Amino acid sequence: MPLIKEIDYINPKWLFNGHLQTIIPGLFRSAISLPFERERIATLDGDFLDLDWLRKGSKKLVIISHGLEGNSKRPYMLGMANQFYGKGFDVVNWNFRGCSEEMNHKPIFYHSGATYDLDTVIDHAATSYDEIYLVGFSLGGNLTLKYLGEKRARNPKLKKSVAISVPLHLESSCTKISSRENIVYSKRFLNTLKEKIIKKSLVFPDEIPVGLLRKIKTLKDFDDFFTGPIHGFKDAHDYYEKNSSLYFIDQIEIPTLILNAQNDPFLSEKCFPVNKGKSLPNIWMEFPKHGGHVGFSPRNRSEIYWSEKRAFEFMNTDL
């Protein structure tokens with residue numbers, strides 16, 4: 001049976017709480033220059049996805065999915081890509097709809113359960129590789145786990161996956177990030193989400209009711225009025241319940257690591273389902289006491305980030 005444990009991540013002493021462990025890596029991590037090649041692929045509904053590739057002729061590929069309002073070039077995406085590329089993998093960092101430099105062509109955006117787009121990326125890549133591995137951060141982690149747990153035909157080349165800083169239960173995590181102590185995060189996300197709604201409404205005025213923006217005070221409001229209805233859900237609650245990966249992980253059939261820090265300011269208690277995990281033969285859960293949200297900074301600047309080290313170790317360990 002998979003081992004569920006509190007594995008030791010040792011944080012730098014000066015990053016002494018979850019907020020610092022979240023904010024400092026996001027703002028001050030040094031950029032990594034990588035030789036990406038951009039490819040645009042079509043989706044079945046006539047939209048597009050932008051993929052950034054690192055190729056060295058490997059037959060093993062890792063597909064990396066970003067978080068809410070992220071993109072393929074965020075520091076945590078570059079760090080993970082650099083780790084796997086340097087160890088012999090080909091890599092693709094993909095951008096969700098509306099997250100590359102150009103707004104997508106349909107009224108819909110991306111969301112926590114839009115597994116049809118991840119499926120498109122996997123199918124596109126599978127023709128060139130013998131083995132495919134998945135890494136997802138935050139929203140991208142939820143997307144990855146939901147995809148693997150859905151009742152669907154999945155490519156047999158999928159071997160393992162790692163999900164980092166995952167809001168396994170979307171509704172309670174939304175409540176957590178919208179709390180007073182986390183207002184700086186939720187406001188930042190809301191600002192960029194609102195900007196996208198305004199831009200999208202100029203092209204799709206009938207589908208995007210931009211006037212509703214005046215009612216938006218919280219992320220849940222945004223999901224009530226926009227994310228949910230635009231993507232076919234009744235409201236925020238319906239959207240959260242139908243897309244929370246917590247309800248899908250028991251169906252995952254490939255070895256999967258869920259790596260959540262206990263001091264992650266974005267995650268609710270339901271994102272640490274130790275008792276549920278004990279009965280899941282393909283799920284490894286590691287919940288270190290420290291790390292923040294998509295943080296896990298090394299104690300020494302010359303070292304790689306701990307989450308990148310753990311992801312690579314998991315992918316390359318016989319289980």
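Begin by selecting Ile63, Trp94, Ile249 and Ile258, the residues that touch the most other members of the largest nonpolar core, a set of 64 residues in this predicted model. Keep Ile63 highlighted and bring up its surroundings: leaving aside residues up to four places away in sequence, Ile63 touches Val92, Trp94, Leu118, Val121, Ile122, Ile132, Tyr133, Leu134 and Val135. Another core, of 31 residues, lies apart from the largest one, and selecting Ala81, Phe137, Leu257 and Phe314 will show some of its members.

Next, switch to a cartoon view and colour the strands, which form an open sheet of eight with mixed pairing, in the order E1-E2-E4-E3-E5-E6-E7-E8. At the edges stand E1 (37–42) and E8 (283–286), and because each has a single partner strand, one side of each is left without a neighbour in the sheet. From one strand to the next, the twist averages 20°.

Within this sheet, select E3 (residues 60–65) together with E4 (residues 90–94), which pair in the parallel sense over five bridges. Which residue in E4 is the bridge partner of Leu61? Asp90 takes that place.

Helix H2 (residues 75–86) lies across E2 (48–54), E3, E4, E5 (131–137) and E6 (158–164), and runs at about 165° to E4. Helix H4 (residues 139–149), in turn, lies across E3, E4, E5, E6 and E7 (256–259), running at about 135° to E5.

Technical notes:
Residues are numbered from 1 along each chain as its sequence is written. This is a predicted model: local features need pLDDT of at least 70, side-chain atom pairs count only at pLDDT 80 or more; totals for chains, interfaces and linings use all residues. Side-chain values use heavy atoms; hydrogens and water are left out. Two strands pair if DSSP finds at least two bridges between them. Helices (H or I, at least four residues) and strands (E, at least two) are DSSP runs, numbered from the N terminus. Axes are lines fitted to C-alpha atoms, for helices over the stretch in contact, and angles run from 0 to 180 degrees between N-to-C directions. Contact means heavy atoms within 4.5 Å. A nonpolar core is a set of buried Ala, Val, Leu, Ile, Met, Phe, Trp, Tyr and Cys residues joined through side-chain atoms within 4.5 Å. Buried means under 20% relative accessible area, exposed over 50%, partly exposed in between (1.4 Å probe, protein chains only).
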